Amino acid sequence: MTDMIKLSAATLSGLLTDGSVSSVEVTQAHLDRIAAIDTGVHAFLHVSGEAALAAAARVDARRAAGEALGPLAGVPIAIKDVLATIDMPSTAGSKILEGWIPPYDATVVKRVRDAGLIPLGKTNMDEFAMGSSTEFSAYGPTHNPWDFDRIPGGSGGGSAAAVSSFEAPLALGSDTGGSIRQPAAVTGSVGVKPTYGGVSRYGSIALASSLDQVGPVTRTVLDAALLHDVIGGHDPLDSTSLTDAWPSMAAAARSGLADGALKGVRVGVVKELSGNGFQAGVAQRFTETLALLAAAGAEIVEVSAPNFEYAIAAYYLILPAEASSNLARFDSVRFGIRVNPEGGPLTSERVMAATRDAGFGPEVKRRIILGTYALSAGYYDAYYGSAQKVRTLIQRDFDAAFSKVDVLVSPSAPTTAFKFGEKMADPMAMYLNDVTTIPANLAGVPGMSLPMGLAPEDGLPVGLQIMAPAKMDARLYSFGAAVEALLEASWGHTLLSQAPELAPTEMYTNAVFTSTEGAV
Amino acid sequence: MSEITAEQVAHLANLARIDLSSEEISRLTLELGQIVDSVAKVAEVATPDVPATSHPMPLTNVFRADTVVPSLTVEQALSGAPDRDGDKFRVPAILDEE
């Protein structure tokens, strides 16, 4: 079973259920893979091998005792470091939380454990999820499994790299402006940002509370749906959690595989999210995908969302404003590091300021200062107030578009994976990576990214973004599974089967991370 | 259009309780000016007739029953503290001597 790591979670589920493999075997295979290649990929900040094997043995024992278990029981999963885990450090990629082990599990982590999934460890991310490349992780960047010189996307580059390099079949991510979807696009994997409030945020270290949403990171649409079914649903510990009853996302994904599932589906192409500004190979694969959809009976309709043009501007006011408030909790008193100032009296205020200077990286400082500015007296109406109005306009654009079409599509990101360092000097250039994904966060609607090919000019993955009306997450899965099947039939293989084999001995020799490995 | 000054950034850093170096302040002054210039375009469409949206899926009055439920123990609550004194968080002096 050397190929066990290549199997989807759905396939592993079948093999675990019929007893062909044990969870201990599956877990060990993934731990071996991590040990073999993660020095090069650096997807993980912490690997919890012993605890994973113990949890796997417990699932095997329960199964052997005849207990009825959920479909993903015994399947390993990687957890983004933004999520609180009671038995593993949870740093959100920041020095200020180095070594912090929370006294509780995030609700999604608890649900994953209750469903019998096996947490393997914590994945790397841009500090407090601020970034599109993992270059802002305090623990060194994650490398794209397709090309170690390139970014894996961000902030959830660790989770996306873990699934696309076969270190884990499933991972959890969080998406505030694209942190699940953009990494999925540039690594050739699948990522879903659920409807705002569809998945609990309790225990997710807050970046921007009105935008953050936790979701699945996987290699197939069906796997994402299976994981969504585990983590979704109302949580009384999150006051923004929706009380709606949700349909089975897995059933929706399976319905998308039926013949003719795309017939008559009205697919909206957002005029403002195509054309200029997109890399040629991205635009080409998008156009080809639309042609495939049309040939399968979908109706392609161009729709306009004129206010999307203002989405990035609104986002980079709302996000820093909320983040500057959320990150005030890092005060050197209740958790995290404490750093005393050099000289002068040791007052709480001075210790807090010295701690935050030492503990926060450059992007976090930049956004806290920007957010503090946007919320200042005299600027509040012009900046934060106006940004909230743009949010209304963007919701109206979505409402108008969804009155004409069933789903909206666009490329998930304007380019394929860029090289390390390419956008570090210019914050605005980095922010523009999120142009396609931000509107969904501002409006709260669900979005998915799935692979739609390799760009001819660089051979790197290109992602298709699908958006559905709020609370219609199931439609993402039925449509997404149909598109995935259509694309794979046209290629004759999965996209990730084209990724370079990462030899166990392969090391990233230019990397600077040595002792920075792990936040332990 | 924005005229962000180093004094302003130093003041913001003080409000945000981050002890920035003078190099960080000068770099942030430049960057903040550029970012603010780019994001100021929100004002172009934010006319008075448009209501503000603070939350994508607005919910109101989310309450739970007023009953005691299990919560963190004192040990758990203190487990991540950089310093403690018995059952309390230990902090530096709140007020300066002067």
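Tutor: A term to begin with: helices (H or I, at least four residues) and strands (E, at least two) are DSSP runs, numbered from the N terminus. This is a predicted model, where local features need pLDDT of at least 70, side-chain atom pairs count only at pLDDT 80 or more, and totals for chains, interfaces and linings use all residues. Residues are numbered from 1 along each chain as its sequence is written, while chains are lettered from A and ligands numbered from 1 in the order in which they are written.

Student: How many helices and strands are there in chain B?
Tutor: Chain B has 4 helices and 2 strands. Their order from the N terminus is α-α-α-α-β-β.

Student: What is the radius of gyration of chain B?
Tutor: Chain B has 22 Å, whereas a compact globule of 98 residues would have a value near 13 Å. That radius is taken over C-alpha atoms, and the globule rule is 2.2 Å times the number of residues to the power 0.38. The C-alpha trace of chain B spans about 55 × 45 × 25 Å along its principal axes.

Student: How many residues of chain B are in contact with chain A?
Tutor: 48 residues of chain B are in contact with 58 residues of chain A. Contact here is for two residues whose C-beta atoms, placed from the backbone, lie within 7 Å.

Student: Which element gives the largest share of that side of chain B?
Tutor: Helix 2 of chain B, with 8 residues.

Student: New topic. Where does UniProt place the "active site"?
Tutor: The unreviewed UniProt entry puts that feature at K80(A), S155(A) and S179(A). They span 100 residues in sequence, yet no two of their C-alpha atoms are more than 10.9 Å apart, so they gather at one spot. UniProt positions are given in the numbering used here, feature names are shortened, and annotations may be inferred rather than shown by experiment.

Student: Is K80(A) buried or exposed?
Tutor: K80(A) is buried, with 33 other C-beta atoms within 10 Å. The cut-offs: buried if 20 or more other C-beta atoms lie within 10 Å of a residue's own, exposed if 12 or fewer, partly exposed in between, with C-beta atoms placed from the backbone. K80(A) is found in strand 2 (residues 76–80) of chain A.

Student: And where does S179(A) lie?
Tutor: In the loop between strand 4 (170–174) and helix 6 (181–187) of chain A. S179(A) counts as buried, with 36 C-beta neighbours inside 10 Å.

Student: What does S179(A) touch?
Tutor: Leaving out residues up to four places away in sequence, S179(A) touches several residues, including S155(A) and G173(A).
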